[in-house]
Amino acid sequence: MIALCTLLVLFAFFSIFGKRFCTADTMINLVESSYYIICMALGMTFIIATGGIDLSIGTVGMCGAIVGGVAYNVWGFPMWAALLMIIATTTLFGALNGFLVAYCKLPAFVATMGVMMISQGVGYIISEVQTMRFPIISEPDGWFKRVFFKSLNGFPMGIIYVAILFLVAAFLLRYTKLGKYACAIGSNKEATRLSGVNTKRWELSVYVVSGIFTGFAGLFYAATYTSVLPGSGSGMEMQAVAAVVIGGTSLAGGFGTIVGTLIGVFIMSVLKNGLMTVGLQQQWQVFFTGIAVLLAVLLDIYKTSKDGRTKG
């Protein structure tokens, strides 16, 4: 509720004081610039619910897009197969993260930082440090842009697929064993294991699911921006983490909210677009996002300590 109220206040503020903020073009741009961050944040919600974190999610998504670009431009794959390569690549990296965290018992911070560097290296090696370009919307193979990004008449097609992914993520977190065990692991991993749950398998599954969502992030990025630079993506993971935390998911684990994550993404997107309409540059968005993250974490700490005192 706090995140939702914050979003509404920001929207009202920029609608009143921003120049041409509350227009159809601005709203479409606000949504279109959020596609790939939404996908990353949806997957990150499951990971943070377990009490973990994934620092590789940004570079892995871009590595997947690079592999898809190489498959299309160099290896001669048809576009549909190149798009599948994006998701397959990120899923493999997600499985690697899960294996290192669940079975090798590496701290999530260390394991995913190592995979972040590996994915950057793979992107450099496989592309030979060359920018990968995808077809523009008017070209025959540009059909994937018309399907996943924007139709020829300008309708933002990505909204449909992001809505589907949102519903899938919400269903997985709320109604399946994956979501329930993810929160249980984050709440008390040892107690969950002693109750008969194979915590290693479910922790691995969480990272695999996150890898799949990251694959869609790479796909949406390629559809939105056409060119993908090898080694890029660093910093996107922080945007995903910020969205999840601002949305209300606890960094301590044990709880996750997909609706809150979506609200968190749009809070950052409204800040990014709204600050420019009042004459402030993009660096102010980073500044205010940092403040929002700190406030969200402080609120989470306060709620956690308050709950502890209540139970005590």
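This is a predicted model: local features need pLDDT of at least 70, side-chain atom pairs count only at pLDDT 80 or more; totals for chains, interfaces and linings use all residues.
Visitor: Why is T261 called buried?

Guide: A residue is buried under 20% relative accessible area, exposed over 50%, and partly exposed in between, with a 1.4 Å probe and protein chains only. T261 has a relative accessible area of 1%, and therefore counts as buried. T261 is placed in helix α12, where a helix is a DSSP run of H or I with at least four residues, a strand is a run of E with at least two, and both are numbered from the N terminus.

Visitor: Which residues are in contact with T261, leaving aside its neighbours within four places in sequence?

Guide: They are A41, L42, T45, A243, V244, G247 and T249; contact means heavy atoms within 4.5 Å.

Visitor: What makes the approach of the T261 side chain to the backbone oxygen of T257 a polar contact?

Guide: A polar contact is a pair of N or O atoms within 3.5 Å; within protein, one must be able to donate a hydrogen and the other to accept it, and residues adjacent in sequence count only if both atoms are side-chain atoms. The side chain of T261 reaches the backbone oxygen of T257 at 3.0 Å.

Visitor: Why is K105 called exposed?

Guide: K105 has 64% relative accessibility, so K105 counts as exposed. K105 lies in the loop between α5 (79-103) and α6 (108-127). Its phi is positive, about 60°, although K105 is not a glycine.

Visitor: What makes E128 exposed or buried?

Guide: The relative accessible area of E128 is 62%, and therefore E128 is exposed. E128 is in the loop between α6 and β1 (132-133), and has a positive phi of about 55° although it is not a glycine.

Visitor: How do you know whether I66 is buried or exposed?

Guide: I66 has a relative accessible area of 1%, so I66 is buried. I66 belongs to helix α4. Leaving aside neighbours within four places in sequence, I66 is in contact with G123, I126, S127, M132, V228, L229 and P230.

Visitor: What makes α11 mostly covered?

Guide: In α11, 9 of its 11 residues are buried. These buried residues are M236, E237, A240, V241, A242, A243, V244, V245 and I246. G248, which follows α11, has a positive phi, near 115°.

Visitor: What makes a space a cavity, and what makes it a pocket?

Guide: Both are found on a 1 Å grid over the protein atoms alone: a cavity is a set of points where a 1.4 Å probe fits but cannot get out, whereas a pocket is an open set with protein on both sides within 12 Å along at least five of seven lines. Lining residues have an atom within 4 Å of a point. Grid points are joined across faces, edges and corners, and a volume is the space filled by probe spheres set on the points.

Visitor: How many cavities of 30 Å³ or more does the structure hold?

Guide: The structure holds 1 such cavity. The largest cavity has a volume of about 50 Å³, and its lining includes D54, S56, I57 and V60. The elements α4 (57-73), α5 and α10 (199-225) each give two or more residues to this lining.

Visitor: What is known of the largest pocket, its volume and its lining?

Guide: The largest pocket has a volume of about 580 Å³. Its lining comprises 26 residues, of which I2, A3, T6, I246 and L299 lie nearest its centre. Helix α13 gives the most to this lining, with 8 residues.

Visitor: How does the lining of the largest pocket divide by class?

Guide: Ala, Val, Leu, Ile, Met, Phe, Trp, Tyr, Cys and Pro count as nonpolar, Asp, Glu, Lys and Arg as charged, and the others, Gly among them, as polar. The lining of the largest pocket has 18 nonpolar, 6 polar and 2 charged residues.

Definitions and conventions:
Residues are numbered from 1 along each chain as its sequence is written. Side-chain values use heavy atoms; hydrogens and water are left out.
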